[in-house]
Amino acid sequence: MVTTQIFNSPYLRDPDVQLMLRAKEGDEGAFTELVASYQDRIVGIFCHLLGNQEAAEDLAQEVFLRIYRSRANYQAKAKFSTWLFRIANNLASNSRRNKGRRKEVNLNPQDSGPLGIRPEEQLLVEKSGLMPTRQIGLKETQAIVREALGTLNERQQMAVLLHKFEGMSYADIGAAMKLSEAAVKSLLSRARENLRVQLEKHICS
């Protein structure tokens, strides 16, 4: 039955699904390839969500440990990236819930993380278009946009990061976050509006 499900899966064209299926069969090299492909991306997202590089690396390690431990039962029911980010989203939610007494989003402009500041810069560039002559320094950009991102709630942050960092579709974000496509659109719309309000405070000041 499982074999039939696998052969019928529409996700078999995903090369990362193929790697995971090889890992399931005991190919350690295939699993190593997956880790190498996603490690920095996962750490980067966690770093932005948690504001702590060390915690981000620990959580990323936990993501891959969970995948490795469950490899024997793996079935290609989604893109590999969608499955992985779903696990990451769950772990990030649990981590922040468990450390609720601590302020997890520490918007330190020095902590750029492996993914750098590209998405934040993009966000501010979009808003800067309102005032083309405005010159904003790099560090100022990082600080302003990180502060704006920090005003978003956890779900909005994750949706924005998956959309901006990973270029994921609404459908894939929905699959990763267990939301409908319409809910993702609404979530991102609210996030953009919140970011617009926050960023325009600085741009117009």
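**Close-up 1. Residues that meet where helix α8 packs against helix α9 in this predicted model.** From α8, the residues Arg155, Met158, Ala159, Leu162 and His163 take part in the contact, and they meet Tyr170, Ile173, Ala176 and Met177 of α9.

**Close-up 2. Geometry of the α8 and α9 pair.** Two packed helices are described by the angle between their axes and by the distance between those axes. Helix α8, which covers residues 154–164, packs with helix α9, which covers residues 170–177, at an angle of about 135 degrees, and their axes lie 10 Å apart. Because of that angle, α8 is oblique to α9. The crossing that α8 and α9 form is right-handed.

**Close-up 3. Geometry of the α5 and α9 pair.** Helix α5, made up of residues 80–98, crosses α9 at roughly 45 degrees, and the axes of α5 and α9 come within 7 Å. With this angle, α5 is therefore oblique to α9. The crossing of α5 with α9 is right-handed.

**Close-up 4. Residues that meet where α5 packs against α9.** On the α5 side the contact involves Thr82, Phe85, Arg86 and Asn89, while on the α9 side it involves Asp172, Ala175, Ala176 and Met177. The residues of the contact of α5 with α9 fall into four nonpolar, two polar and two charged. Ala176 and Met177 of α9, which meet residues of α5 here, also take part in the contact with α8.

Conventions
Residues numbered from 1 in each chain as written. Predicted model: local features only at pLDDT ≥ 70, side-chain atom pairs only at ≥ 80, totals over all residues. Heavy atoms only, no water. Axes fitted to C-alpha atoms, helices over the stretch in contact; angles between N-to-C directions. Helix = DSSP H or I, 4+ residues; strand = E, 2+ residues; numbered from the N terminus. Parallel < 35°, antiparallel > 145°, perpendicular 65-115°, else oblique. Left-handed = near helix turned anticlockwise from the far one by under 90°. Contact = heavy atoms within 4.5 Å. Nonpolar A, V, L, I, M, F, W, Y, C, P; charged D, E, K, R; others polar.
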